[in-house]
Amino acid sequence: MKSLIARLFSRPPALTPDQDAQLRAELPWLARLDPERRERLTALVALFLAGKTITPLHGLVLEPHQRLHLAALACLPLLEFGAQGLAGWSQVVVYPGAFRVHRQHHHEDTGVLEEWQEDLAGESWEHGPLVLSWDDILADLADPGAGFQLVVHEMAHKLDALDGAMDGTPPLPAPWQREWARDFQAAYDDFCALLDAGGDSPIDAYAAEAPEEFFAVTSEYHFSAPDLLAAHMPAVAGHLRRFYGASPLPAN
């Protein structure tokens, strides 16, 4: 069955030869994809650009080649999952840098409304836009093996939400889902216990915020530092390699 996005087009969109050549010239990691996966990625990028509205804010101007770069990073986590990972949302909002959001939380037990402000590099709303900092995207493009991939992180949240629950488990066949939930929960619990005991880990401590953040942060490491992830969380690394396929970003 064709994906929802593919059905929106009588003829699937495609990159022009110039766009394809530009991507290959400006993103060297594309050359580390085998021909089949590279063709899959360019098809996904074309779908992304045709189906998503990219809105720069606060005076930011994104040139066509920069939109290509953004789309390529967003589609990289979909190489094995497919175009259904683009369903359910239509907007990408891009700030020049980190952006401030207003938060509030009502404590039911006390009736107190807590309010605060938070500076973010990215945000993913379950049925709303992908919100990104362009400065952080540029940093990831400049050093793709540094352990950070903002767009991958936020796309992992989009994949996580597809089954209706933001819980660190994307839609999977039932047997794999059980294995995934078991192994991710065990690794998450061990990671939180390590940090609570004052231990150190090369994995960003933000992964301990919640199971959904653990999935998103380890997804970043899968693409940017897969050997490090495999050394410290082998079961998680195995699931992510199966889910995403091998990462082309860091040079071997």
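Predicted model: local features only at pLDDT ≥ 70, side-chain atom pairs only at ≥ 80, totals over all residues.
Which elements cover the buried residues of α5? The legends below take up this question after an overview of the chain.

Overview. Residues are numbered from 1 along each chain as its sequence is written, and side-chain values use heavy atoms, with hydrogens and water left out. The secondary structure amounts to ten helices and six strands, where helices (H or I, at least four residues) and strands (E, at least two) are DSSP runs numbered from the N terminus. Of the 252 residues in the chain, 46% are buried; buried means under 20% relative accessible area and exposed over 50%, with partly exposed in between (1.4 Å probe, protein chains only). When contacts (heavy atoms within 4.5 Å) between residues at least 6 apart in sequence are taken, 65% of them join residues at least 24 apart.

**View 1. Helix α5 and its cover.** Helix α5 spans residues 134-142, and its buried residues are Trp134, Ile137 and Asp140. Seen down the helix axis, these buried residues fall within an arc of 120 degrees, so they line one face of α5; the arc is that of the directions from the helix axis to the C-beta atoms. The cover over the buried residues of α5 includes the helices α4 (64-75) and α6 (150-161) together with the strands β2 (91-95) and β6 (130-133).

View 2. Lysine 158 belongs to helix α6. This lysine is buried yet has no salt bridge, and the nearest side chain of opposite charge, that of glutamate 154, is 8.4 Å away. A salt bridge here is a side-chain nitrogen of Lys or Arg within 4 Å of a carboxyl oxygen of Asp or Glu; Lys and Arg count as positive and Asp and Glu as negative, while His and the chain ends are not counted. Leaving aside neighbours within four places in sequence, lysine 158 is in contact with residues including Trp89, Trp125, Pro129 and Leu130. Histidine 127 lies in the loop between β5 (122-124) and β6, and is exposed at a relative accessible area of 67%. The C-alpha atoms of histidine 127 and lysine 158 are separated by 8.6 Å, although the two are 31 residues apart along the chain.

**View 3. Alanine 161 in helix α6.** Alanine 161 also has its place in helix α6, and counts as buried at 6% relative accessibility. Beyond its neighbours within four places in sequence, alanine 161 is in contact with Glu126 and Met166. From C-alpha to C-alpha, alanine 161 and glycine 85 are 9.9 Å apart in space, and 76 residues apart in sequence.

**View 4. Serine 219 in helix α8.** Helix α8 covers residues 211-224 and holds serine 219, which counts as buried at 0% relative accessibility. With neighbours within four places in sequence set aside, serine 219 is in contact with Val152, Ala156, Leu240 and Tyr244.

View 5. The structure holds zero disulfides, a disulfide being a pair of cysteine sulfur atoms within 2.5 Å.
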